[in-house]
Amino acid sequence: MSIERVRSYFKTLGIEERILEFDVSSATVELAAKALNTEGKRIAKTLSFLVKEKPVLVVTAGDAKIDNKKYKTFFGAKAKMLTPDRVTELIGHAVGGVCPFAVNDGVDVFLDESLKRFETVFPACGSSNSAIELTIPELEKYSGFKEWVDVCKLPEE
């Protein structure tokens, strides 16, 4: 199971006890916010894309949407999300539990600027009923991100 992979990874860092597991689904921003009793925008959603045949993850704030123009400017390609089957195969986590931790080799992780509005955010932990609360510096450290990007728009934009 994917959550076990994340748990093992976090165990090497001494933070596995911080993983939160729920009796309800946290597979969407709305469900995760309800399970955590927090605002949806603080859910760090992890989106899976294919850029020139290479899988990449973009972690964004829960209220952010991919801005196609910004995405294409940065990545040099149109935003093409992976199908659910390909997500599991290429990323190593299933849709609903995709996170930037313990992913398959060769997957680059990018953090979107939309996350910087918050002291802490809640990414999933490899299953559709898990999360962890992390500060932005912790998210940077534990995700092994490649770089910060600005490829989203927020509701007020």
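Reply: What follows starts with the whole protein, then takes up the sheet, some residues in and beside it, and the aromatic pairs.

This is a predicted model, in which local features need pLDDT of at least 70, side-chain atom pairs count only at pLDDT 80 or more, and totals for chains, interfaces and linings use all residues. Residues are numbered from 1 along each chain as its sequence is written, and side-chain values use heavy atoms, with hydrogens and water left out.

The protein has five helices and 10 strands; helices (H or I, at least four residues) and strands (E, at least two) are DSSP runs, numbered from the N terminus. Its radius of gyration is 14 Å, close to the 15 Å that the globule rule gives for 157 residues, so the protein is as compact as a globular protein of that length. That radius is taken over C-alpha atoms, and the rule is 2.2 Å times the number of residues to the power 0.38. Along the principal axes, the C-alpha atoms fill a box of roughly 40 × 35 × 25 Å. Of the 157 residues, 53% count as buried (under 20% relative accessible area; exposed is over 50%, partly exposed in between, with a 1.4 Å probe and protein chains only). Among contacts (heavy atoms within 4.5 Å) with a separation of 6 or more, 64% are between residues 24 or more positions apart.

The sheet is open and has six strands in the order β8-β6-β2-β3-β5-β9, with mixed pairing; two strands pair if DSSP finds at least two bridges between them. Strands β8 (134-135) and β9 (147-149) stand at the edges with a single partner strand each, so one side of each has no neighbour in the sheet. Strands β2 (residues 43-51) and β3 (residues 54-61) run antiparallel and are joined by eight bridges.

I43 lies in strand β2 and is buried, with a relative accessible area of 5%. Leaving aside neighbours within four places in sequence, I43 is in contact with V29, A32, A33, L36, T38, T60, A61, G62 and F122. T60, in strand β3, is also buried, at a relative accessible area of 0%. Not counting residues up to four places away in sequence, T60 touches I43, A44, K45, L47, D112, S114, L115 and C152.

Most residues other than glycine have a negative phi. N37, in the loop between α2 and β2, has a positive phi near 55 degrees and is not a glycine; N37 counts as exposed at 73% relative accessibility. K52, in the loop between β2 and β3, has a positive phi of about 50 degrees although it is not a glycine, and K52 is exposed with a relative accessible area of 64%. S25 is partly exposed, with a relative accessible area of 30%, and touches L31 and S128, residues up to four places away in sequence not being counted.

F49 belongs to a cluster in which ring pairs link F49, Y71, F74, F75 and F110. Rings of Phe, Tyr and Trp (its six-membered ring) pair if their centres lie within 6.5 Å; planes under 30 degrees apart count as stacked, over 60 as edge-to-face and the rest as tilted. By this rule the count comes to nine aromatic pairs. F10 and Y142 form an edge-to-face pair, 6.2 Å centre to centre with 65 degrees between the planes. This pair links distant parts of the chain, F10 in helix α1 (residues 2-13) and Y142 in helix α5 (residues 136-143), 132 residues apart. F10 and Y142 are both buried. Y71 and F75 form a tilted pair, 4.6 Å centre to centre with 40 degrees between the planes. Both lie in helix α3 (residues 68-75), four residues apart, about one turn of the helix, and both Y71 and F75 are buried.
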